[in-house]
Amino acid sequence: MATPLISPSILSADFARLGEEVRAIDAAGADWIHVDVMDGHFVPNLTIGPGVVKALRPHTSKPFDVHLMIEPVDHFLEAFAATGADIITFHPEAGPHAHRTVQAIKALGKQAGIALNPATPAKMLDYLIDDIDLVLVMSVNPGFGGQSFIHSQLRKIEAVRKMIDKSGRQIFLEVDGGVDLVTAPQCVAAGADVLVAGTATFKGGPDCYAANIAALKGAG
Ligand code: DX5
Ligand code: ZN
């Protein structure tokens, strides 16, 4: 089976030492850095804003995979693009004009991702697939790290894989939430090529990061 890219979610890092933590996961083999931005309104938790993302940028040259769980999203796009984010992913429920938001992200020179909540059907992508660079299948309800994987999302990963293959375009299929050594291979078998992992990357502290990331890659 193909080896997935691993995008550790820094939500599970030590927030008092975020720069060090980003350097540590970079050195440990992270492919991307997953940054969870929450507004306490679209999701029931509050995390970080563009200032923190910008402060982290000098700590790694790996792509910043910024997952915006904010509503509305449009008026923050410029600020997040200016942080040095590489991929900006948003939830279509967070605004009335998802297509316009995708175009706005691309106009800022960034890759655009669509996040699908567990109850959001793959069909949501029908008229976006020709424009997006990434689909993020949420395998937990967004808001917190450390939740259990929702198994019905494996069917959605399979459906999205078919849509991507049919499109003939280069689109990443990323899974976020409850990814561990048991669920990682299931996600890859269903067609995922990027795995977000918070708890599974950071468990055990810095001495374990390389082994944790390698195990997740191997699990593919
Ligand atoms: C949830 C976030 C996830 C989360 C993943 O809203 O989008 O990125 O931090 O954490 P784990 O891997 O612990 O489920
Ligand atoms: Zn996320």
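How do the residues of the lining of the largest pocket divide into nonpolar, polar and charged? I counted 12 nonpolar, 12 polar and four charged. I note at the outset that the model is predicted.

**Entry 1, the pocket.** I looked up the volume next, and about 310 Å³ of space lies in the largest pocket. Its lining is made of 28 residues, and those closest to the centre are Gly145, Gly146, Gly177, Gly178 and Gly198. I then asked which elements give two or more residues to this lining, and found strand 2, strand 3, strand 8 and helix 7 (199–202).

I checked where ligand 1 sits, and the place is the largest pocket. The elements that supply two or more residues to the shell around ligand 1 are strand 2 (33–38), strand 3 (64–69) and strand 8 (194–197). Strand 2 gives the most, with three residues. I listed 20 residues around ligand 1, of which Asp36, Gly143, Asp176, Gly198 and Thr199 come nearest. By class, I sorted the shell into eight nonpolar, 10 polar and two charged residues.

Which side chain has an N or O atom 2.7 Å from an oxygen atom of ligand 1? I found that of Asp176, a residue also listed among those that come nearest to the ligand. I looked at the backbone as well. A backbone N or O atom of Gly198 is 2.8 Å from an oxygen atom of ligand 1, and a polar backbone atom of Gly146 is 2.9 Å from an oxygen atom of the ligand. Both Gly146 and Gly198 are among the residues closest to the pocket centre.

I looked up the bond that joins Glu71 and Pro72, and it is cis, with omega at about -5 degrees. I placed Pro72 in the loop between strand 3 and helix 3 (77–81). Strand 3 is one of the elements that give two or more residues to the pocket lining.

Note on methods:
Residues are numbered from 1 along each chain as its sequence is written. Chains are lettered from A and ligands numbered from 1 in the order in which they are written. This is a predicted model: local features need pLDDT of at least 70, side-chain atom pairs count only at pLDDT 80 or more; totals for chains, interfaces and linings use all residues. Side-chain values use heavy atoms; hydrogens and water are left out. A residue is near a molecule or strand if one of its heavy atoms lies within 4 Å of it. A polar contact is a pair of N or O atoms within 3.5 Å; within protein, one must be able to donate a hydrogen and the other to accept it, and residues adjacent in sequence count only if both atoms are side-chain atoms. On a 1 Å grid over the protein atoms alone, a cavity is a set of points where a 1.4 Å probe fits but cannot get out, and a pocket is an open set with protein on both sides within 12 Å along at least five of seven lines; lining residues have an atom within 4 Å of a point. A molecule sits in a cavity or pocket if more than half of its atoms lie within 2 Å of its grid points. Helices (H or I, at least four residues) and strands (E, at least two) are DSSP runs, numbered from the N terminus. Ala, Val, Leu, Ile, Met, Phe, Trp, Tyr, Cys and Pro count as nonpolar, Asp, Glu, Lys and Arg as charged, and the others, Gly among them, as polar. Grid points are joined across faces, edges and corners, and a volume is the space filled by probe spheres set on the points.
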